[in-house]
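Hi,

Here is the structure I promised to pass on.

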Amino acid sequence: MKVVLGLHLHQPWRLARFRYLDIGSDRPYFDEDHNLALFREISQRSYRPALGILERTLRDEAEFRLALSLSGVWLEQARRAEPELLNLLESMARTGRLSLLAETFHHSLAFLLPPPELQEQVDLHRKALWETFSRESTVLRLTELAYSDDLARFAASQGFLGMVAEGWDTWLKGRSPNHLFASSVAPELRVLLRNYRLSDDIGFRFSARDWSEYPLTAEKFSRWISRSDGEVVSLFLDFETFGEHHRAETGILDFLGELPRAVLRETGLEWASLEEALRLPVRGHLSHPKVLTWADRSRDLGAWLGNDLQISAFEALKKVGTLVRLAGDRDLLETWRRLTTSDHLYYMYLGGDRQDAEVHRHFSSYSSPFDAYANFMNVLTDLRQRAQAALDRGHPKPRGGKRAARPSMTPPDAGRPFRGTAP
Amino acid sequence: MVGWEFPPFHSGGLGVHCYELTRELGRLGHRITFVTPFEGPFHPVEGVQFRSPPRPRRGRSPPASYDLGRLTPRERRNLLERYNDWIAGLEGPGDYDLIHVHDWFGTVGSSRLARRWRIPFVMTVHSTELDRSLDHPDREIWEREMVGLRSSDLIIAVSRHLAQELQDRYGVPEEKIRVVYNAVRPSARVRHSLRAEQTVLYLGRLTLMKNVETFLRAAARVAPLVPGARFIVAGDGPEYPRLRDLAQHLGLSERVVFLGHVSDEERAVLLATASVFVLPSVVEPFGIAALEALVSGLPTIVSKTSGVAEVANAIFAVDFWDTEEFASRTAELLLYPTLRRVMGEAAREEALRDGWPERARETARVYAEALAARGRTL
């Protein structure tokens with residue numbers, strides 16, 4: 001039985017309070033100092049100690065393998081806030097036992113935006129990984145593990161060998177997630193499924209004192225893995241599980257330090273890199289027409305596009321995106337892309353399910369989803385005005401005083417329901 | 001229960017509070033004698049009987065007004081002393097378990113009565129004299145307030161903010177205070193599409209503490225951005241002439257309407273048809289009008305120093321001095337219709353969650369606690 005450990009590192013560029021009355025002023029959208037301070041805080045509790053543990057283990061333990069997905073905006077902030085983290089990551093990459101996952105640079109829902117946004121954001125990320133680590137990724141994971149048939153086709157068309165998706169029961173219909181699958185619409189693309197039960201034992205339940213299995217030790221957990229059926233158990237977790245969601249006092253960092261060797265002590269268990277896992281025999285084909293994610297209990301896009309605030313904000317984002325592209329200003333485009341980061345929509349989640357709502361609030365920098373929406377819309381309104389101004393500069397008014405004809409502002413997919421973008 | 005006003009007579013929210021609270025406590029099986037200086041007839045409440053002092057042999061009676069501000073200092077002192085002496089001399093204890101007094105009016109008599117009857121004494125504070133007077137307290141009122149705060153077994157504050165103020169400015173120990181929020185009765189659900197598009201409402205007394213000036217200054221910032229916006233100031237009070245002049249000075253004569261005093265019916269119409277509600281008070285121990293707005297599904301902006309901000313998530317809370325932020329929040333609600341609709345719906349749903357029945361149960365728990373501290377049960 002092979003074991004894959006994949007950890008995800010991401011921090012959004014959070015918006016500063018941008019009042020309606022700030023529209024038209026030159027006030028910056030992002031408070032860089034605040035974002036970097038927050039980054040350092042989380043780093044102190046999580047990134048630095050946990051990456052330290054993993055780096056040492058990768059160097060000392062030849063049989064350990066690790067996969068990381070680093071969002072581009074995380075890399076940007078790490079470079080400015082804590083460049084030592086990049087040294088650690090480079091050292092990990094040099095062991096040859098670290099796989100890097102591809103994703104959208106801005107950790108966005110670009111797969112719902114008009115093409116070629118998805119491809120460009122994935123390319124930006126590839127470029128960033130190449131420049132930082134001189135490494136190519138062969139496996140794609142999209143924001144919150146989004147997966148659909150359209151996205152599988154896209155991944156295959158971009159030359160990826162595999163994608164990671166959520167091993168969700170209702171999808172698998174009795175099949176185990178502990179096998180390697182292929183996409184039924186793009187049979188050459190492998191699909192590695194997250195074992196959410198085992199992943200959540202660490203991610204959600206590790207420090208729950210009312211859990212019957214509390215406390216969870218690395219030995220016990222490795223035993224559970226070894227008793228699982230199938231050929232591969234994929235554990236995919238938010239990196240902040242280690243030190244942030246579960247603080248160091250819970251013993252989570254010790255758990256992380258002990259897990260690699262505890263797994264190796266179990267007979268029949270071995271760590272596998274993504275590439276090694278993808279070489280397993282394919283045990284079946286999977287199809288999922290709609291988008292499946294790893295988020296919340298409904299495993300859909302409800303966390304980002306589940307209410308009218310989110311839908312309205314996303315529609316506005318699309319429209320402004322079209323205008324920004326027409327304006328052809330690179331700075332405006334990069335600013336707009338930072339707004340595509342999915343966290344901005346996540347902050348507008350209204351809840352409905354108490355447990356999920358708790359998780360959402362924990363990550364929000366706003367006082368409420370309404371605050372998040374108003375602020376985001378103010379920024380979009382300002383950006384639209386700036387794009388419009390840039391466009392007007394590029395299309396000066398003819399002498400007669402009438403405005404020059406401008407390309408239509410309606411995005412190509414206006415009115416179409418949300419769907420993955422086929423290449 | 002020792003109070004002051006009671007419906008149908010009232011000058012503020014205290015009477016309504018006592019009415020709703022006694023009604024729900026009655027439903028929970030408690031029997032209540034409601035004590036007020038005035039004669040009825042009051043709205044009947046099951047399980048509640050009313051008692052008031054006999055008419056004095058001499059002098060004017062009953063008092064001409066429930067509004068103490070309209071009495072001469074001498075009339076006021078006579079009224080208060082007569083009321084408190086009468087309370088202190090009530091026959092009993094009979095089967096009374098506890099005395100519950102609201103605000104400062106009957107604290108002196110209640111305190112004496114509680115000592116004589118050897119039963120616990122709980123005081124609800126709705127607002128403080130220091131706040132109401134913006135730090136220029138009426139000495140007599142302040143003293144009566146202090147008697148209640150010192151001699152009561154437990155104190156109920158209508159918000160955490162007020163509880164904090166009682167600790168900081170009145171020296172009440174934290175362990176003596178419990179927080180029980182206000183509630184309002186559910187109002188009819190009004191479809192969002194029936195609301196006016198761009199009407200901003202202030203509803204309340206026009207006093208310095210209410211900070212209506214910030215409402216007007218924010219209106220002056222919003223007006224040019226939202227050409228269709230209208231601003232309504234509903235209520236009267238000592239600040240009225242100054243505010244009217246200010247509106248004129250800010251060039252808002254065409255945009256602001258001063259309604260003066262509004263009836264309950266008009267109040268309901270305003271809450272049902274406005275698009276945004278603003279309560280910018282410097283200090284607002286609770287802010288019942290804002291809770292009424294939330295219940296009617298009206299998106300609401302309050303100052304951070306309002307107690308109601310503690311019970312509502314679907315609300316914008318702003319520093320009371322931050323005119324730009326009040327203006328921005330108002331513009332956002334006026335110009336983003338999705339925000340207005342979704343926030344209004346969420347506000348209503350949230351505000352309906354805890355009504356008077358829940359608040360009465362919380363109050364009864366405070367009674368039980370006060371009794372338990374003396375080794376008794378209800």
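Predicted model: local features only at pLDDT ≥ 70, side-chain atom pairs only at ≥ 80, totals over all residues.

**Chain A**

Chain A splits into domain 1, covering 2-286, and domain 2, covering 303-393. Their C-alpha centres sit 24 Å apart. Where the two meet, 22 residues of domain 1 of chain A touch 18 residues of domain 2 of chain A. On the domain 1 side of that contact you get twelve nonpolar, six polar and four charged residues.

**Chain B**

Chain B also comes with a domain 1 and a domain 2: domain 1 is made of 14-183 plus 355-372, and domain 2 is 192-351. Here the C-alpha centres are 31 Å apart. The contact involves twelve residues from domain 1 of chain B and eleven from domain 2 of chain B. On the domain 1 side, α4 (129-132) and α6 (160-170) of chain B each put in at least two residues. The largest share comes from α6(B), with three residues. Sorted by class, that side of domain 1 of chain B has four nonpolar, five polar and three charged residues.

**Where the chains meet**

Between the chains, 14 residues of chain A are in contact with 15 residues of chain B. If you want to look at the chain A side, go to α12 (308-327) and α16 (369-394) of chain A, the elements that give two or more residues to it.

**A helix pair in chain B**

One more thing to zoom in on: α2 (residues 73-88) and α3 (residues 107-117) of chain B. Their axes are 7 Å apart and the packing angle is about 15°. Since angles under 35 degrees count as roughly parallel, α2(B) and α3(B) are therefore roughly parallel to each other. The crossing of α2(B) past α3(B) is right-handed.

From α2(B), the contact uses B:Tyr83, B:Asn84, B:Asp85, B:Trp86, B:Ile87 and B:Ala88. The partners from α3(B) are B:Val108, B:Gly109, B:Ser110, B:Arg112 and B:Leu113. Taken together, the residues of this contact are six nonpolar, three polar and two charged.

Cheers

Terms used. Residues numbered from 1 in each chain as written. Chains lettered and ligands numbered in written order. Domains from an automatic or database assignment. Contact = placed C-beta atoms within 7 Å. Helix = DSSP H or I, 4+ residues; strand = E, 2+ residues; numbered from the N terminus. Nonpolar A, V, L, I, M, F, W, Y, C, P; charged D, E, K, R; others polar. Axes fitted to C-alpha atoms, helices over the stretch in contact; angles between N-to-C directions. Parallel < 35°, antiparallel > 145°, perpendicular 65-115°, else oblique. Left-handed = near helix turned anticlockwise from the far one by under 90°.
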